[in-house]
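Subject: Structure for you to look at

Hello,

Here is the structure I promised to pass on. Please open it and keep it on screen while you read.

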Amino acid sequence: MSLITAKGLSVRYGANTVLHNVGLTVEPGEIVTIVGPNGSGKTSLLKTIIGAIKPTAGHVEMKPGLKIGYVPQRLHIDPTLPITVERFMRLSHRVDRNTCSAALETAGVPDLLGRQMSRLSGGQFQRVLLARALINSPDVLLLDEATQGLDQRGSAAFYQQIEAVRSETGYAVLMISHELHVVMSASDRVICLNGHVCCEGTPAVVASAPEYRALFGSGTGGALALYRHEHDHDHEHSHEAAE
Amino acid sequence: MLDDFMTRATLAGIGVAIAAAPLGCFVVWRRMAYFGDATAHAAILGVALSLTLEMSIFPGVMAVALIMALTVTLLAGRGYAMDTLLGVLAHSALAFGLVAVSFLSGVRIDLMAYLFGDILAVSRSDLLVIWGGAGLVVALIAWRWSALLTSTLNEELAYAADLDPKREQLILTLCLAVTVAVAIKVVGVLLIAAMLIIPAAAARSLARTPEAMALIAAVIGGVSAASGLRAAYLFDTPAGPSIVCVAAVFFALFSLLGWHSRRDA
């Protein structure tokens with residue numbers, strides 16, 4: 001059985017139709033990326049899946065007992081709210097200190113337990129969010145533009161981490177990203193969204209699809225090569241994780 | 001022991017401080033300061049209502065405060081900026097309340113007692129209501145603590161954890177209404193928001209976790225209530241405002257200390 005099955009989802013705000021008859025599935029262990037221009041309904045789709053938006057039509061089915069790890073788009077913590085990394089990680093799961101440490105290590109940011117969330121760098125913050133999502137060993141990880149505010153190297157390193165952890169734990173990933181060149185080749189399957197599903201398939205298939213080119217232009221076809229090039233030079237950027 | 005009016009007043013002040021501390025932290029974290037003000041100002045309308053119906057002011061004030069808080073929540077995000085909306089509602093509620101009170105014939109009402117509190121006149125039954133209300137607020141917030149904190153940090157995070165941020169917001173709204181109703185006798189409608197915000201803000205620079213901030217705020221609030229009353233007795237100053245003054249001095253002191261230590265670090 002698929003982990004997540006969405007059928008015929010439509011979302012309307014007043015007269016404005018954001019999603020029209022969208023369907024998708026997420027199978028165990030696969031990385032599915034949703035790409036699409038601004039306003040294409042990517043975030044609405046993810047919010048509908050986690051239940052923050054009620055669809056006007058269609059429904060979302062989860063495999064019974066499915067554990068979800070969610071990494072939000074951006075998280076603004078008010079400076080008046082003091083909270084350590086450890087307390088933040090324990091917010092919705094009662095886990096011990098060692099589990100927190102292990103999750104931080106997996107996410108590539110060990111030794112942050114005692115730090116204040118407000119004092120973290122952008123890259124550290126996103127990795128703490130990832131560690132928090134990993135803490136209950138989820139079956140599927142949902143990421144909403146998880147690398148917003150990171151530079152290109154930082155986000156490439158972040159997505160490599162996601163891939164690396166996937167090979168260890170075998171979770172599935174459903175993510176949204178603007179950064180086509182970074183996510184395209186890290187994905188098993190790409191869904192190109194523009195209010196409806198324009199095209200869908202392996203990254204190579206989607207990148208050469210006319211619908212995709214119409215949305216993003218043919219220039220991004222070469223993005224795949226760009227990412228691979230960066231990937232080859234991973235060793236130069238390995239300090240990124242410890243920033 | 002409860003025969004002494006100063007003892008009763010001190011216990012009343014501490015009771016309000018204990019309820020206001022954890023709630024005040026959420027008011028500060030969620031930037032609801034003006035929301036607290038609007039709810040508190042509406043309370044004067046509740047006073048007029050209770051006096052008209054010749055009943056105890058607690059249920060009347062609580063009902064009006066709750067209606068006000070729910071109205072604000074409903075109207076939020078429908079055309080007007082939040083601060084404009086709250087400015088309109090807070091001050092109109094206060095003005096309508098004051099006008100409504102002036103219509104009341106018969107018993108002459110000491111309006112000052114409701115605007116600035118009348119903590120020295122707290123009776124045993126008032127004390128019971130204050131501690132009952134404070135206990136309810138603390139119990140509700142303690143019960144929902146993790147859920148409230150998650151919703152405060154990020155709504156989507158809450159949805160993904162199977163929580164409903166709207167329900168958590170409603171719980172805070174209910175706590176706010178109860179706190180306003182029990183605090184009106186202690187500090188009066190004009191200074192209720194101060195009891196919510198100042199101890200919490202003063203605790204910020206001393207705390208490393210949300211729990212610590214709520215506890216420290218309760219201590220600061222309690223000490224402010226006790227020493228403010230003492231000062232009011234010694235210098236013959238109004239009690240409610242004296243309590244708020246002490247809390248404000250704590251705020252200034254701890255903020256300077258926090259600023260100093262941050263600069264050193």
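This is a predicted model: local features need pLDDT of at least 70, side-chain atom pairs count only at pLDDT 80 or more; totals for chains, interfaces and linings use all residues.

**Where the chains meet**

Chain A puts 25 residues into the contact, and chain B puts in 22. Together the two chains bury about 2,200 Å². Carbon and sulfur atoms account for 59% of that area.

Now for the charges. Side chains of opposite charge can pair when their charged atoms come close. How many salt bridges cross the interface of chain A and chain B? The rule finds three. Over all chains, the whole structure has 11.

- A:Asp78 and B:Arg31 form a salt bridge, with their closest N and O atoms 2.5 Å apart. This pair crosses between chains. A:Asp78 sits in the loop between β5 (68–71) and α2 (85–89) of chain A. B:Arg31 sits in the loop between α1 (5–29) and α2 (33–52) of chain B.
- A:Arg87 and B:Glu211 meet through their side chains in a salt bridge, at 2.7 Å from N to O.

Start with α2(B) and helix α3 (residues 57–75) of chain B. Their axes come within 7 Å and cross at roughly 140 degrees. The two helices are therefore oblique to each other. The crossing of α2(B) and α3(B) is right-handed. On the α2(B) side, the residues in contact include B:Phe35, B:Ala38, B:Ala42 and B:Gly46. On the α3(B) side, they include B:Gly60, B:Val64, B:Met68 and B:Val72. By class, this contact has 14 nonpolar and five polar residues, and no charged ones.

Next, take helix α6 (residues 124–143) of chain B and helix α9 (residues 165–183) of chain B. They pack at an angle of about 160 degrees, with axes 9 Å apart. Are they roughly parallel or roughly antiparallel? That angle makes α6(B) roughly antiparallel to α9(B). Their crossing is left-handed. Among the residues in contact are B:Val129, B:Gly133 and B:Leu140 of α6(B), and B:Ile171, B:Cys175 and B:Val182 of α9(B). The contact of α6(B) with α9(B) has 11 nonpolar, two polar and no charged residues.

Last, look at α9(B) again, this time with helix α7 (residues 145–153) of chain B. The angle here is about 110 degrees, and the axes are 9 Å apart. That makes α7(B) roughly perpendicular to α9(B). This crossing, too, is left-handed. From α7(B), B:Ala147, B:Leu148 and B:Ser151 take part. They meet B:Pro165, B:Glu168 and B:Leu172 in α9(B). By class, the contact of α7(B) with α9(B) has four nonpolar residues, one polar and one charged.

Best wishes

Technical notes. Residues are numbered from 1 along each chain as its sequence is written. Chains are lettered from A and ligands numbered from 1 in the order in which they are written. Side-chain values use heavy atoms; hydrogens and water are left out. Axes are lines fitted to C-alpha atoms, for helices over the stretch in contact, and angles run from 0 to 180 degrees between N-to-C directions. Helices (H or I, at least four residues) and strands (E, at least two) are DSSP runs, numbered from the N terminus. Angles under 35 degrees count as roughly parallel, over 145 as roughly antiparallel, 65 to 115 as roughly perpendicular and the rest as oblique. A crossing is left-handed if the near helix is turned anticlockwise from the far one by less than a right angle, and right-handed if clockwise. Contact means heavy atoms within 4.5 Å. Ala, Val, Leu, Ile, Met, Phe, Trp, Tyr, Cys and Pro count as nonpolar, Asp, Glu, Lys and Arg as charged, and the others, Gly among them, as polar. Buried area is the accessible area (1.4 Å probe) that two parts lose on being put together, summed over both. A salt bridge is a side-chain nitrogen of Lys or Arg within 4 Å of a carboxyl oxygen of Asp or Glu.
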